[in-house]
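The reader may wish to keep the sequence and the structure in view throughout.

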Amino acid sequence: MLKADPGFKKTLSPVEGAGKLSYCYQCSACVAECPAAHNFNDFNPREIVLASLIGVADYLTAKDSVIWQCTTCYKCYERCPQGTHPVEVINALKNISCAAGNGPEEVTSSRDNVLANGSLISPSEAIEKRRQELGLDKAPVAPAGELKKILE
Amino acid sequence: MAQNQEYTLFLGCMIPLRHPQIELASRKSLGALGITLKDAEGFTCCPEPWNFKGAGLESWLTVALRNLAVGEKKGRDMLVLCNGCYATLTEAAHLAACNGEAVKGAMDKLKSLKLSYSGKSSVRHVASVLQDIGVDGISGSVRRPLKGLKVAVHHGCHLLRPSEVMGFDDPFEPSVLEGLVESLGAEVVRYEGYTDCCGNATRDTEASLRIGSEKIAAMKKAGADCIAVVCPACFEQFDLGQVEMKRRLKVDHRLPAFHYCQLLAIAQGEDPESLGLDRHRIDVKPALVKIGK
Ligand code: SF4
Ligand code: SF4
């Protein structure tokens, strides 16, 4: 049995505007142009907002949740007449999912990579060679230690 | 015609470490417009707004504000060539101006590095800097107009939306970037769904490719000879992506993709051979032939 948790919505970070989901009146304006909804039957921004509002969102923060199919195109943000910002609700759910250790491996490892090396992509000899061929200087080196210092 | 503008170049990760040919064309073409790009040390990944922001908002914001703080210390605005860098740094600056809870936490962390961000210097997308220079300024630098080339413009979501934060153009009916392409002498073809997503950030690879492939099909239907983007992530989806589309979806589009600055450099008279375009996975020759190259 699903147990509703009306307090859940308060755990969504208000920082990026995810805290306005109570204004949602379920009009579906966010669904029509959503590329994730077009490609996945079980992805629907209106339903994601509703589930978060009532607090039956465990399935959304579980491992391999459908929320990771969101392309972050922000069409729902622009189309919603109520300023609900479905994409930011989804981002807040992603945060909760990752904090619980349920985030996709490729997502958390890419974050860890940035924190460790300061860059998403590691420099390589091949790329330096190409830069040289093009007459470009060596790629800038990110100060890796600094991020570790403040974020670990 | 010299604009005498100076910016700190914020390169991000994807352009210098995966697509340096875009960096080269940008340096050359913006230089020809009188824009001085100052290189700077101390930046990290912006960090990208697709995965990192989902992994943890507070650390995403901290890394972004650190970059803004480093940029501010240099005393001028930053110029980016990537929608991801633009979205992250612009949103972080916006949140800093609103000064919410998470921002306070992030600012505290910066203090231990003796850094702070006051909002004095901001982040400019290359498209918006070019918009300031204006169609006349740009066409004034064009020596070999791209006459006869039909271009499908892909803005990329993060340049346009959320429009109240990004402030570049209308989120559903943008036209600024198209005007910039026309100022090169090329013809812009509007296609169905021209503000739709490239699909890159969807987790499921096949769905991601389907979204990108549908978009390319619409461009081709409208008669496009090539795609113009202003983001290395969109570029990757439309260039390398087409190789994957062929392999996994069995569709062979062969529509060349360019960063706007590459088209600008070609129109300014740069020899395409010297721009490293042979590194594109989709052969650019059919597009170059149209402009007699
Ligand atoms: S989030 Fe906005 S657009 Fe979507 S159903 Fe609710 S009110 Fe409508
Ligand atoms: S941001 Fe995500 S939920 Fe919103 S329309 Fe785009 S894919 Fe759908």
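## Helices 4 and 6 of chain B

The crossing between helix 4 of chain B and helix 6 of chain B is right-handed. The model described here is a predicted one. Helix 4 comprises residues 57-73 of chain B and helix 6 comprises residues 101-111 of chain B; they pack at an angle of about 55°, and their axes are 9 Å apart.

From helix 4 of chain B, the residues B:E58, B:L61, B:T62, B:L65, B:R66 and B:A69 meet B:A102, B:V103, B:A106, B:M107, B:K109 and B:L110 of helix 6 of chain B.

Helix 7 of chain A (residues 125-133) packs with helix 2 of chain B (residues 20-32) at an angle of about 30°, the axes being 10 Å apart. This angle makes helix 7 of chain A roughly parallel to helix 2 of chain B, because angles under 35 degrees count as roughly parallel.

The crossing of these two helices, helix 7 of chain A and helix 2 of chain B, is right-handed. In it, A:I127, A:R130 and A:R131 of helix 7 of chain A meet B:P20, B:Q21 and B:E23 of helix 2 of chain B.

## Helix 11 of chain B

Helix 11 of chain B has 17 residues (residues 205-221); at 1.5 Å a residue it should span 24 Å, which agrees with its end C-alpha atoms being 24 Å apart. At the start of this helix, a side-chain oxygen of B:D204 comes to within 3.3 Å of the backbone nitrogen of B:E206. After helix 11 of chain B comes B:G223, which has a positive phi, near 95°.

The buried residues of helix 11 of chain B are B:A207, B:S208, B:L209, B:I211, B:G212, B:S213, B:K215, B:I216, B:A218 and B:M219. Their cover includes helix 1 (35-39) of chain A, and from chain B strand 5 (150-153), strand 7 (226-229), helix 12 (232-238) and helix 13 (240-249).

## A buried threonine in chain A

A:T61 belongs to helix 3 of chain A, which covers residues 58-61. Is A:T61 buried or exposed? Its relative accessibility is 10%, so A:T61 counts as buried, the cut-off being under 20%. Leaving aside residues up to four places away in sequence, A:T61 touches A:L93, A:I96, A:S97 and A:N102.

How values were computed: Residues numbered from 1 in each chain as written. Chains lettered and ligands numbered in written order. Predicted model: local features only at pLDDT ≥ 70, side-chain atom pairs only at ≥ 80, totals over all residues. Heavy atoms only, no water. Helix = DSSP H or I, 4+ residues; strand = E, 2+ residues; numbered from the N terminus. Expected span 1.5 Å × (residues − 1). Buried < 20%, exposed > 50% of the residue type's maximum accessible area, 1.4 Å probe, protein only. Contact = heavy atoms within 4.5 Å. Polar contact = N/O pair within 3.5 Å; in protein donor to acceptor, adjacent residues only side chain to side chain. Axes fitted to C-alpha atoms, helices over the stretch in contact; angles between N-to-C directions. Left-handed = near helix turned anticlockwise from the far one by under 90°. Parallel < 35°, antiparallel > 145°, perpendicular 65-115°, else oblique.
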